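Biologist: Could you take me through this structure, beginning with the core?

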Amino acid sequence: MNNTILYLIESGVCLALFYIVYWACLKKETFFLINRFFLLFSIPISFLIPLLKIPSPFPARPLVEKTYVAGLPGGTQVQYPGTIDVLGLIFLVGAGLFLLRFIYKLVQLFLLIKKYGSQKFNGVNVVFLEKNSAPFSFFNFLFVNKSDISEPDFSRIISHELVHIKQYHSIDLILMELLAIFQWFNPFVWPYKKSLKETHEYLADNAVIAQGCSKAKYQVLIFEQHVGMKLFEFANNFNHSQIKRRITMMEKIKSRGRAKFKVLLILPIIALLVLAFAESKPAKAPAEKDSVDKATLSQDDSKVTAQTEEEKKAKEKKMQKEYMEKEKKLKKALEKTEDPEKREAIKKKLEQLYLMIKTEKKKEEMKAHYLELKKKLETTEDPEKRAQIKKKLAKYEKMKATENKVKELSLKEKELKAAYKETDDPEKKKMIKEKLVQIQKTKEAIKNNQVVVQVHKVPVVIAELKEAYKNTDDPEKKAAIKKKIQKLKEAEGEATIVNIKTYEQVELELKEKLKNTEDPEKRKMIKEKLAELKKMMEEQKKKEKK
């Protein structure tokens, strides 16, 4: 709400400045059409300027210091409650009242049309009123008390109101009413509204006299229609503005052509206001404030780390309890039984449990080491050290990827085994068996470290697939590539794709590529990769022998 109020105040300031320019430079000029468009154009511009948050060319001012109170946690900032809320409430009440007033005036007009009906005169819907009221128009409706008006005067009134109707002055009035709803607190809105209505009357008076109407008779008509009559404030009144000003404008000598250029004053005013509301980048705060902020940040960080450490400790204790309980149960079962087969099975379970405890400890150590490396990467500026740290981090990420792959494979294996039991179709059973064998091979390869972990960036993979789509004419291949691209786009949250393949799979893929490629450079690269793969396979075999 506070942002809205600030925005309305800023737009109100713009509106006030534009009106001051109008009042000082344009109000006394006889270029009524230019004056009308100046006043109308200023309204949307006033609401637009505060929204143009351009960078300020002026040097930034230091940040305003916030108030902190000693004794409150983390140097808590003091907030003075209620001020903005109260202002917001006052604004809403005022806006609501002016909106109701606007609706009430509209309803009044429609009730008058419904009560008295209308008759067509020169394309205008004339509503003849019985009550004592000055003539006024609203869009294509002219409201008039005909009892006291002669035929010649009635034709002059219609000529006057036709100008209001043809120039759509009623739209201006509705715009001003809406402006008053949102800017009711702005003291410049009311004279602004009055000036626009006066301009409407000057335009209408000027048009009637231009048609050949006698100035003297027309001025008498204005005077007669004004005396002793109530005015309908919302619509275009035949004599709403002061008689003296209207008569003065009729008698005034036309402004010189040069005076038109005064309207160009709007350009420097717009530039000035845009700069006034431009966003300036705050300068660094004083050293004392920096120290306070750093202190509060360090306090917050220490709280977070303390919480995470407590959570870790709680998890570790829980895990230890679970392992201890399992160990006790297995040891009790071992003591009770004398059957050698059962004893052997329990011993194996104990060994597996100890292995699990060891792997969990290793995982925790690896995690801690990974976090340490990340912190080092943030603080280190030496490019060589950064490269080394990045390599170590990549190793950890690859290990994580292989763990996740094993979990995925285990889940797939369970699903396939369940599908194998459910189906009676021999062909399906054969396919499932082949898939199970492949999963088992991959798991074995991962265990024996005979895999290649490939990490690809999603946008790069999509770009490569798009290139492949362009180069192929086979509709089946195109459809398959399309599916792959769609899948990658759906997984937008993932920055990378991790592929884990056995040495055999990679070797087959590379050999296939070598067959299909004719480009000598690409063939050279593939051969180099095959040589690297052979070395890796040989090293793995040596390790297995040892």
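Predicted model: local features only at pLDDT ≥ 70, side-chain atom pairs only at ≥ 80, totals over all residues.

Modeller: In the largest nonpolar core, which has 31 residues, Phe18, Ile43, Ile49, Tyr192, Ile270 and Leu273 touch the most other members. A nonpolar core is a set of buried Ala, Val, Leu, Ile, Met, Phe, Trp, Tyr and Cys residues joined through side-chain atoms within 4.5 Å. Buried means under 20% relative accessible area, exposed means over 50%, and partly exposed lies in between (1.4 Å probe, protein chains only).

Biologist: Which elements give two or more residues to this core?

Modeller: They are helix 1 (2-26), helix 2, helix 3, helix 5 (169-182), helix 6 (189-210) and helix 9 (266-276). Helix 1 gives the most, with 8 residues. Helices (H or I, at least four residues) and strands (E, at least two) are DSSP runs, numbered from the N terminus.

Biologist: What is Ile43 in contact with, leaving aside its neighbours within four places in sequence?

Modeller: Ile43 is in contact with Leu15, Leu175, Met176, Leu179 and Tyr192, where contact means heavy atoms within 4.5 Å. There is also a second, separate core of 17 residues, which includes Val124, Ile165, Cys213 and Leu221.

Biologist: Changing topic, is Ala271 buried or partly exposed?

Modeller: Ala271 lies in helix 9 and is partly exposed, because its relative accessible area is 39%. Ala271 and Ile49 are 222 residues apart in sequence and 9.3 Å apart in space, C-alpha to C-alpha.

Biologist: And where is Ile54 found?

Modeller: Ile54 is in the loop between helix 2 (32-48) and helix 3 (83-116). Ile54 is partly exposed as well, with a relative accessible area of 35%.

Biologist: How far apart are the end C-alpha atoms of helix 12?

Modeller: They are 58 Å apart, which agrees with the 58 Å that its 40 residues (383-422) should span at 1.5 Å a residue. The expected span is 1.5 Å times one less than the number of residues. Among the buried residues of helix 12 are Ile389, Leu393, Tyr396 and Leu416.

Biologist: Finally, how many helices and strands does the protein have?

Modeller: The protein has 17 helices and 7 strands. Buried residues make up 32% of its 546 residues.

Terms used: Residues numbered from 1 in each chain as written. Heavy atoms only, no water.
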